[in-house]
Amino acid sequence: MDFKKLASGAGTLLTRAVQFTEEKLGQAEKTELDAHLENLLSKAECTKQWTEKIMKQTEVLLQPNPNARIEEFVYEKLDRKAPTRLNNPEQLSQYMMDAGNEFGPGTAYGNALIKCGETQKRIGTADRELVQTAATNFLTPLRNFIEGDYKTISRERKLLQIKRLDLDAAKTRLKKARMTEARAACEQELRIAQSEFDRQAEITRLLLEGISSTHAHHLRCLNDFVEAQMTYYAQCYQYMLDLQKQLGSFPTTFLANNNQSSSPGVPSLPNSSVSNSTSLPATSNSVITSGFSELKASSGNRKARVLYDYDASNSSELSLLADEVITVYSLPGMDSDWLMGERGNQSGKVPITYLELLN
C-alpha cells in the first residue's frame, strides 16, 4: 500500500514537471491568472522587496558597526540576549571623561573634556532609547511581515501554482483521450482539478488583499519611527545647546579664575563652544568679552559676523547663516546671552555665542 502511494506521488510530480517544461517550451497551454490576482501578486512581491531593503538599511542606520550587527544577529538566532556594549557616544564619553580627569578637572581643558564627556553620555543614552524604540515599533512589525505574513502568502502561492499545473495537465489528458470511457474519466478529473484550482485561487486572493492592511499598519509604524527620531534629535540639540552655553562661559568665569593653575603654553579656549572652520580668529577672549559688554552698556549698533548657522525656535528670534554680517544692538532688560539682530527688514533675538563682533 505504501509502495502504491509512493508510486502515485512520484507519478504526480512527474506529470507536473512535464507540464511545466512543455509550457516553458511553448508546447502546452497554460491557464493564466485573472488580471486582478496578477496585480495583487505583483503588489505583494513589491512590498516584500522594499520592506526588506528598508528594514536592512534602518538596521545600518541604528547600528553602523557591521560586526556588532552580525553579533546581534547571531545572538538573536540563538535566542540569547546579546551582551550590553557601549555605543559610540558612550565610548567617546568614557575617553573624554578619563582624559579630563587625567589632565585635571581644575584646568580649562580638563574641565571642558569632562563636560563634553557628560554630554556625550547623555547623547549615548538617547541613542540607546532610539534604537530600542525603533526596534519595537518599526523593525519588529516589518520583520513580522517578512517572516510571517509573506511566508504564508508564498506558501499558498506555490500551492496555487501546483493546482494550476494539475488543471492544465488534466486539460491535456482530456484532449488526448479517444475512448468514450477515458474521456468521461478525464472530464471528471478536470472538474475536480478546476474546483481545487478555483478554491486555491480564492484563498490566495484573500491573503493578497490583506497587503493593503499591511501598508496601513506599516504607515503607523513609520510615524512612530519618525516621532522617535524627532525626540532623539531634539534631545541631542538641547544637550549640545546646554554644552555650548557651558563652554561659552569659560573665558569670562572659569579661565579668569584658573589662569595661574593652567599649564604654561596651553592656549585658552575660544569664545565659541564648537571648533570648526567658522571658529573665532586669533583674538583674545578678554577683547571679545569686553566688546559684548561695551555693546550691552551702550545703545549703539555694531556689526557682527555669524559663526554658525542658527534656526530660530520662535517668531521672536532671527535665523542666522554662517559667515553673514548682521547689525546687532542691545535693548534694556534683555537676557545677557542674547542681542537684537537686524538683516535688511528682518529683525529678532540672536544668541551671543553665535556671533563675533567686528571693529
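Predicted model: local features only at pLDDT ≥ 70, side-chain atom pairs only at ≥ 80, totals over all residues.
Residues are numbered from 1 along each chain as its sequence is written, and side-chain values use heavy atoms, with hydrogens and water left out.

**Helix α4**

Select residues 88-103, which form helix α4. Helices here are DSSP runs (H or I, at least four residues; strands are E, at least two), numbered from the N terminus. This helix has 16 residues and reaches 23 Å from its first C-alpha to its last, close to the 22 Å expected at 1.5 Å a residue; the expected span is 1.5 Å times one less than the number of residues.

At the N-terminal end, show N87, which caps α4 with a side-chain oxygen 2.9 Å from the backbone nitrogen of E90. A polar contact is a pair of N or O atoms within 3.5 Å; within protein, one must be able to donate a hydrogen and the other to accept it, and residues adjacent in sequence count only if both atoms are side-chain atoms.

Next, colour P89, E90, S93, M96 and G100, the buried residues of α4. Buried means under 20% relative accessible area, exposed over 50%, and partly exposed in between (1.4 Å probe, protein chains only). Looking down the axis, the buried residues fall within an arc of 125 degrees, so they line one face of the helix; the arc is that of the directions from the helix axis to the C-beta atoms. What covers them includes α5, where contact means heavy atoms within 4.5 Å. The face turned away from the buried side carries the exposed residues N88, Y95 and E102.

**Aromatic pairs**

Rings of Phe, Tyr and Trp (its six-membered ring) pair if their centres lie within 6.5 Å; planes under 30 degrees apart count as stacked, over 60 as edge-to-face and the rest as tilted. The count by this rule is seven aromatic pairs. Select F103 and Y109: their ring centres are 5.4 Å apart and their planes at 20 degrees, so the pair is stacked. F103 is partly exposed, at 45% relative accessible area, and Y109 is partly exposed at 48%.

Move to F138 and F225, with centres 4.7 Å apart and planes at 5 degrees, so this pair is stacked. F138 sits in helix α5 (residues 108-176) and F225 in helix α7 (residues 211-248), 87 residues apart. F138 is buried at 4%, as is F225 at 8%.

Finish at Y308, Y310, W338 and Y354, a cluster linked by ring pairs.
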